[in-house]
Amino acid sequence: MAFRPPRALDVKMTNAMDKRVELTGLSQLELISYVETLGEPAYRGRQLFAALQHRRLRDFEAISDLPKALRTRLTEVAQAATLKIESQYTSGDGTRRYLMKTHDGLPVETVFIPEERRDTICFSSQSGCPLQCTFCLTAQLGLLRSLTAGEIVEQIQIALNDAYGAGVKPPRGTNLVAMGAGEPLLNLDSLLKALRVMADPQGLHIVPNRVTVSTAGVVPRILDLAKTTDRPHLAISLAAPTDELRNELMPINKRWPLDELLAACKVFEKTLKPGERLTFEYVMLDRVNDSDEQARQLANLLNRHNIKAKVNLIPHNPADPLPYQPSSEATVERFKNILESKGIHTYVRRPRGRDIFAACGQLAARQGTLSNLSQTTPIGAIS
Ligand code: SAH
């Protein structure tokens, strides 16, 4: 039959039928067992883990310390990389945003935020999101699917490789925040698996103490997380001080209202380590949740539950289809002062990467809007 170039549909079907094992989500022990099934000794598994996780190599052919025959075999039966960068954007402040695609064509967004003393990578736990927070752009995609542990790990590898090059040790520590697309506590098993893989000192070595998971308030999973050893830090997105308003802004509140949520936070608080604090995030929406009265209600809510948390005020990042505007700087400052006068530690979060829509809640496929920005696209699979 004459050769014809593959059509998009063919590529999708090939990917969907790809039976090769994804190795990025496997722990060192699992990789050792895996190479043993290929008839290889355990030390090859350790070598492979170091190559994939410590050196962040995303192509078996690049692992030159493995014998050629094994590399060829691995290429046939396994995968070292499934996410591809579809497009990337760099902000004037150094923030880099990536739109990646899964093997089945779904969007995954990741943001790399360089700071003087550390880098922070904001990763997605799901493609899209099932929650319907009215101020968040990702909500408009709905849930496409939860990401695998490997897809979570890959986001971090891709961002570090892009910033520093494959195999290069980052000059600063890496913090992770599960604040990209999705509700991490609706994908807790894969998330915890990814965190365990990344914590390995012979791999990426990003320990849970450097990771913050943000939730809209999935109460049973907050309680599960409280029982987890080596757990990450927790942040709770509040956005409103009363059930009435929170039901409207974050419909998940109808399932787990504020009193239940804060009772779970209280249980979680008992597991905090010295110096560790729960964080509450409060997106500031102009004339919706930013009045003096609402600041007092918020302080009273936290004080009534006797929670010694800190509050992060996040100025709303506006986006066309969202019906909100950010609170003014003066309003945010007033709100902060009221909280502080009632003994609540409050911080105002500086938006990063606003010019590339990399800020919180702005992650959603916005190809059209972004196409006129400094875009490097497409660069396909990277290693
Ligand atoms: N589902 C999780 C994690 C993703 S959202 C959660 O709800 O926490 C991460 C943070 O971004 C949340 O605190 C959320 O309230 C905030 N956020 C969402 N949309 C925003 C927007 N348009 N502007 C500012 N912050 C936003």
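**Exercise 1.** How far is an oxygen atom of the ligand from an N or O atom in the side chain of Ser214?

*Solution.* The model is predicted, so local features need pLDDT of at least 70 and side-chain atom pairs pLDDT 80 or more, whereas totals for chains, interfaces and linings use all residues. Residues are numbered from 1 along each chain as its sequence is written, and side-chain values use heavy atoms, without hydrogens and water.

Step 1. The distance for Ser214 is 2.6 Å, which makes this pair a polar contact (N or O atoms within 3.5 Å).

Step 2. A polar side-chain atom of Ser237 also lies 2.6 Å from a ligand oxygen; for Glu281 the distance is 3.5 Å.

Step 3. Of the 540 Å² of accessible area (Shrake-Rupley method, 1.4 Å probe) that the ligand has on its own, the protein covers 96%.

**Exercise 2.** Describe the shell around the ligand.

*Solution.* Step 1. The ligand is surrounded by 20 residues, each with a heavy atom within 4 Å; Phe135 and Asn317 are among the closest.

Step 2. The shell comprises 10 nonpolar, eight polar and two charged residues.

Step 3. At least two shell residues come from each of β10, β12 (279-284) and β13 (310-315).

**Exercise 3.** Which residues of helix α7 (residues 219-226) are buried, and what covers them?

*Solution.* Step 1. Val219, Ile222, Leu225 and Ala226 are buried, that is, under 20% relative accessible area with a 1.4 Å probe, protein chains only.

Step 2. These residues lie on the same side of α7, because they cover an arc of only 115° around the axis, taken from the directions from the helix axis to the C-beta atoms.

Step 3. Their cover includes α6 (188-199), β10 (211-215), β11 (233-237) and α10 (258-269).

Methods:
Buried < 20%, exposed > 50% of the residue type's maximum accessible area, 1.4 Å probe, protein only. Helix = DSSP H or I, 4+ residues; strand = E, 2+ residues; numbered from the N terminus. Contact = heavy atoms within 4.5 Å. Polar contact = N/O pair within 3.5 Å; in protein donor to acceptor, adjacent residues only side chain to side chain. Nonpolar A, V, L, I, M, F, W, Y, C, P; charged D, E, K, R; others polar.
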